[in-house]
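Please open the structure in your viewer and keep the selection tool at hand. The stops of this tour follow below.

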Amino acid sequence: MTSAVEQLLAVKARIANAEREAKRGPGVVTLVAVSKTFAAEDIRPVIEAGQRVFGENRVQEAQGKWPELKQAFPDIELHLIGPLQSNKTKEAVALFDVIETVDREKIAAELAKEIARRGRSPKLYVQVNTGSEPQKAGIEPREAVRFVKRCRDVHGLAVEGLMCIPPADENPGPHFALLEKIAREAGVAKLSMGMSGDYETAIAFGATSVRVGSAIFGSRA
């Protein structure tokens, strides 16, 4: 069976190739290794192989494994890529270095309050529901620019990027193009888009980070 470390190296090689094909500079795309549902002992070899940026879906699950790993490897950058509940804001600000799922006014207000209280400022991305899927988190595309502005002007949040998860049964390209357009209009520089099945496409459309889990760690239990 191929190890997670071998798969990590294969993904990095494909990212480098996609950067070249898109005529983008080498290393401009950050790989976020999505480690949700995997235990610390599964993640550690990937860290030891040099990977330093990881993504988790749930605050509670991350709390169970990452404080110890971050103590052992202080240069790790941990991203929250799943929905943030308002009652978990305190824990999220304490643990995560990047929160990619700011998607409503209440969360923006709670984050502002907790960042001021704790004096710790994770980097923030607004999640955009590019497919307007009712079951999916994220701000509506037509409201995204205005929401980014409110996050900045009303709540004092330094939003630096946008994130999206295209509908599973659609061509992701138009969704990535839409997110890139919204980012330009909103004046944000970072684009978190692309997962195991479509990260090379996302790189062609300007992704600055891609969130890859199963292509590294294998399928989840």
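Begin by selecting Glu180, which touches Leu191 and Phe205 when residues up to four places away in sequence are not counted; contact here means heavy atoms within 4.5 Å. The model is a predicted one, in which local features need pLDDT of at least 70 and side-chain atom pairs count only at pLDDT 80 or more, while totals for chains, interfaces and linings use all residues. Residues are numbered from 1 along each chain as its sequence is written, and side-chain values use heavy atoms, with hydrogens and water left out.

**Stop one: Glu180 and its helix**

Glu180 lies in helix α7. Helices (H or I, at least four residues) and strands (E, at least two) are DSSP runs, numbered from the N terminus. Glu180 counts as partly exposed because its relative accessibility is 24%; buried means under 20% relative accessible area, exposed over 50%, and partly exposed in between (1.4 Å probe, protein chains only). Then select Glu61, which is 119 residues from Glu180 along the chain, with 31 Å between their C-alpha atoms.

**Stop two: α6 against α7**

Display α6 (141–153) together with helix α7 (residues 172–186). Their axes are 10 Å apart, and the two helices pack at an angle of about 35°. Axes are lines fitted to C-alpha atoms, for helices over the stretch in contact, and angles run from 0 to 180 degrees between N-to-C directions. Which residues of α6 and α7 meet? Pro141, Ala144, Val145, Val148 and Arg152 in α6 meet Leu178, Ile182, Glu185 and Ala186 in α7. By class, this contact of α6 with α7 has seven nonpolar, no polar and two charged residues. Ala, Val, Leu, Ile, Met, Phe, Trp, Tyr, Cys and Pro count as nonpolar, Asp, Glu, Lys and Arg as charged, and the others, Gly among them, as polar.

**Stop three: Ala158**

Move to Ala158, in the loop between α6 and β6 (159–163). Ala158 is exposed, because its relative accessible area is 63%. Select Leu124 as well: Ala158 and Leu124 are 34 residues apart in sequence, and 6.7 Å apart in space from C-alpha to C-alpha.

**Stop four: Thr89**

Thr89 is found in helix α4 (residues 89–95). Is Thr89 buried or exposed? Thr89 counts as buried, because its relative accessibility is 2%. A polar atom of the Thr89 side chain lies 2.8 Å from the backbone oxygen of Ser86. Leaving aside residues up to four places away in sequence, Thr89 touches Leu84, Glu110, Leu111 and Glu114.

**Stop five: Gln51**

Next, select Gln51, placed in the loop between α2 and β2 (53–56). With a relative accessible area of 4%, Gln51 is buried. The side chain of Gln51 reaches the backbone oxygen of Leu31 at 2.8 Å. Residues that Gln51 touches, not counting those up to four places away in sequence, include Leu8, Lys12 and Val46.

**Stop six: α2 against α3**

Finally, display helix α2 (residues 40–48) and helix α3 (residues 59–72), whose axes come within 11 Å and cross at roughly 30°.

Technical notes. Polar contact = N/O pair within 3.5 Å; in protein donor to acceptor, adjacent residues only side chain to side chain.
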